[in-house]
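Keep the structure open beside the text as you read.

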Amino acid sequence: MSAKILIVDDEANTLASLSRAFRLAGHEAVVCDNAARALELAQAQPFDLILSDVVMPKRDGLSLLEDLRNAEVATPVVMMSGQAHIEMAVRATRLGALDFLEKPLTTEKLLVTVDNAMKLTRLETENRDLRTRVGKHTMVWNGETMRRVMAQIERVAASESRVCIYGETGTGKELVARTLHEKSYRANGPFVTLNCAAVPAELIESELFGHEKGSFTGAAQRHNGKFEQAHRGTLFLDEIGDMPVAMQAKLLRVLEEGEVERIGADKPTKVDVRVVVATHRNLEQLIESGGFRRDLYHRVVVFPLTLPPLRDRCEDLPALVEHFARQVSAQNGWKPVPFSATAIEALKEYAWPGNIRELRNVVERLLLLAGDEVNGEDVRMALPATRNSGPEQTGANGETGPLAQRVLAFEKKVVLAELDRHGRHITQTAKALGLERSHLYKKCAQLGIDLQNLPGRNDR
């Protein structure tokens, strides 16, 4: 792999010989005869390595090292000197030098030094990428609202108490569950998730408890369910309010007995699992309507934790935007683009029905279209037209006309938004709206929504 190297030395013969050696080895060499110019070059363009003499007129190589550190230039620096002594080498190392070489330099030693610097740069790049990936599971906040939530998380994480996380879609319920796991003594164990709303009713028992080979048509081999997969770790059951009532009774037994029985098995299996659940629905209302078992409620809602919607924590929005912008740019290899103050203000004016998940998507959309900066107009163009669009509005949602007409228009917006949020998934949309599938079809017909020709429709 070729490297781009900046060589700094006040002797013309040294610059010529070193640059020739590097070029013959396939590297690119840029030469400079003073520390001030070297600093300018290092700030203006990327280098894989800076090779600098120590003894130079005006500013020496050690001063250059300090200047590079103060300017936050991360390029590896190797010092060289024909007057080397141990104190000089120690000082250079303390200032951040990667290596210290004595003149005269051999070509072999130079090329080994370049190779080591390239390996270091590659490792640092991999570490940055790793931090970016880990950053997907980082909770970002700086306001009082989330400070109180984080205090609750810290308090309950170290316990074995079951936690029920309440929050609208997109508020980060899984992220909170993962944080609870990582702050618990089970952190070295598995973190396993199941979205109860995404699994068909006839398959959820197998997903949770597993099955034996041949226990039903299509069971070609034994399958360990989510409980066994989460043994000595944490099982996160998302949207537990959408779990079929018949399945709730079996879940209750597992929570009480601490053992699961695979479909087709003749004996139960002991499991050691901490269960964390989440829902965007009101479980107490579901109990009253017969959609959720009261005894299960008292088993899983030991410590209720409510996540605020994004519109109630706007003080966190600048930090979230910066986090997502950095994450998206790193994942795509894009140059970082700043968000102006007007852009942040425009983002704060929006209601964020999709919460943090929607914010990340909007940030990515803005970065795809951005120039040198994201401004307020860019934001307004990228956001859905769900807020006030002009002074001529008279209704709460910008509708005019009779009340019945305004109500129908509002209902249509709500249904279309839920369809979009659930990827045109009819069953999930009906559940989110508290409707039967047949009622959703009738409502859509009433509102003039053509489900048959809906883009990306999913009937599962």
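## A helix pair and its setting

Glu 174 is partly exposed, with a relative accessible area of 35%; here buried means under 20% relative accessible area, exposed over 50%, and partly exposed in between (1.4 Å probe, protein chains only). Glu 174 forms a salt bridge with Arg 178, and the closest N and O atoms are 3.7 Å apart. A salt bridge is a side-chain nitrogen of Lys or Arg within 4 Å of a carboxyl oxygen of Asp or Glu. Both residues lie in helix H7 (residues 173–182), 4 residues apart, about one turn of the helix. An α-helix has 3.6 residues a turn, so residues three or four places apart point the same way.

This is a predicted model, in which local features need pLDDT of at least 70, side-chain atom pairs count only at pLDDT 80 or more, and totals for chains, interfaces and linings use all residues. Residues are numbered from 1 along each chain as its sequence is written, and side-chain values use heavy atoms, with hydrogens and water left out.

## The whole protein

The protein has 19 helices and 14 strands. Helices (H or I, at least four residues) and strands (E, at least two) are DSSP runs, numbered from the N terminus. Of its 460 residues, 43% count as buried. The accessible surface comes to about 24,500 Å², and 50% of that belongs to carbon and sulfur atoms; these areas come from the Shrake-Rupley method with a 1.4 Å probe, and for residues only the protein chains shown count as cover. Among contacts (heavy atoms within 4.5 Å) with a separation of 6 or more, 71% are between residues 24 or more positions apart.

## Salt bridges

The structure holds 26 salt bridges. Side chains of opposite charge can pair when their charged atoms come close. Three of these pairs are set out below.

| Pair | Closest N to O distance |
|---|---|
| Glu 174 and Arg 178 | 3.7 Å |
| Arg 262 and Glu 212 | 2.7 Å |

Which parts of the chain does the salt bridge between Arg 262 and Glu 212 link? Arg 262 sits in the loop between strand E11 (259–260) and strand E12 (269–270), while Glu 212 sits in the loop between strand E8 (210–211) and strand E9 (223–224), 50 residues apart. Arg 262 counts as buried, at 11% relative accessibility.

Arg 299 lies in helix H12 (residues 294–300) and Glu 256 in helix H10 (residues 245–257), so the pair ties together parts that are 43 residues apart in sequence. Arg 299 is partly exposed at 32% relative accessibility, and Glu 256 is partly exposed at 43%.

## Nonpolar cores

A nonpolar core is a set of buried Ala, Val, Leu, Ile, Met, Phe, Trp, Tyr and Cys residues joined through side-chain atoms within 4.5 Å. The largest one has 33 residues, and Leu 208, Phe 227 and Leu 237 touch the most other members. Elements that each supply at least two residues include strand E6 (163–166), strand E7 (191–195), helix H8 (204–209) and strand E10 (233–238). H10 gives the largest share of this core, 5 residues. Leaving aside neighbours within four places in sequence, Phe 227 is in contact with residues including Leu 208, Leu 251, Val 254 and Val 275. A second, separate core of 27 residues includes Val 321, Val 328, Val 363 and Leu 383.

## Helix H15

Helix H15 (residues 355–369) has 15 residues, which at 1.5 Å a residue should span 21 Å; its end C-alpha atoms are 22 Å apart, which agrees. The expected span is 1.5 Å times one less than the number of residues. Buried residues in H15 include Ile 356, Leu 359, Val 363 and Leu 366. Their cover includes helix H13 (317–332), helix H14 (341–348) and helix H16 (376–382).

## Backbone details

Most residues other than glycine have a negative phi, and most peptide bonds are trans. Asn 355, which lies in helix H15, has a positive phi near 60 degrees. At 0% relative accessibility, Asn 355 counts as buried. Lys 58 has a positive phi near 65 degrees and belongs to the loop between strand E3 (49–53) and helix H3 (61–70). Lys 58 counts as exposed, at 91% relative accessibility.

The peptide bond from Lys 103 to Pro 104 is cis, with omega near 0 degrees. Pro 104 is in the loop between strand E5 (99–102) and helix H5 (107–134).
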